[in-house]
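Q: Could you walk me through this fold, starting with how the strands pair up?
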Amino acid sequence: MSDGGPRAPQSSRDLTSAESLRRLALVPFGRIVFSRYALPTIRPVNHLVDGETIVVRTNHSATLSAERQVVAYEADRIDEHTRRGWCVIVTGTTEMIEDPVEAKRYRERLRPWLPGPGDHIVRIVPDMITGLEFIDPDGAVS
């Protein structure tokens, strides 16, 4: 809901892949977009950035296929008053982490904040990483 006040002018700039991954590592959760019954489905999940991949912990209700599939992952941090911040979108393929040692390591680091067991550990291998930062028109970084 708008506060009714005038909005400050805004501009944007593209983030590099490296900047995008650094921003993504700053927030604990995002939204995974995948296909379910041939329709797009979106679920909030917590994540971590590991090198150039994103690792998420999902529960059974997310119904991500055990097979490799194309997904999008989005996270952002935008101030509702100033409308400054950033948005990162990663498009890539998933792979279930089956190795018990690796899965245990990620389970210890990815504490689920949503109800449910969160028993699936999924790695997103990016094909495309895009980021956008919303900034002051004079180019000052928010």
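This is a predicted model: local features need pLDDT of at least 70, side-chain atom pairs count only at pLDDT 80 or more; totals for chains, interfaces and linings use all residues.

Q: How many bridges join strand 5 to strand 6?
A: 9 bridges join strand 5 to strand 6 (residues 85-96), and the two run antiparallel; strands here are DSSP runs of E with at least two residues, numbered from the N terminus, and two of them pair if DSSP finds at least two bridges between them.

Q: Which residue takes a positive phi in that hairpin?
A: Arginine 83 does, with phi near 60°, in a hairpin that has 6 residues between the strands.

Q: And what about strand 2 and strand 5?
A: Strand 2 (residues 29-36) runs antiparallel to strand 5 (residues 70-78), joined by 3 bridges, and valine 33 has alanine 72 in strand 5 as bridge partner.

Q: Switching topic, which residues of the largest nonpolar core touch the most other members?
A: Among the 20 residues of that core, they are Leu24, Ile32, Ile54, Val56, Tyr73, Val90 and Ile124. The largest share of this core, 4 residues, comes from strand 6.

Q: What is valine 90 in contact with?
A: Leaving aside neighbours within four places in sequence, valine 90 is in contact (heavy atoms within 4.5 Å) with residues including Leu24, Ile54, Tyr73, Ile124 and Met128.

Methods: Residues are numbered from 1 along each chain as its sequence is written. Side-chain values use heavy atoms; hydrogens and water are left out. A nonpolar core is a set of buried Ala, Val, Leu, Ile, Met, Phe, Trp, Tyr and Cys residues joined through side-chain atoms within 4.5 Å. Buried means under 20% relative accessible area, exposed over 50%, partly exposed in between (1.4 Å probe, protein chains only).
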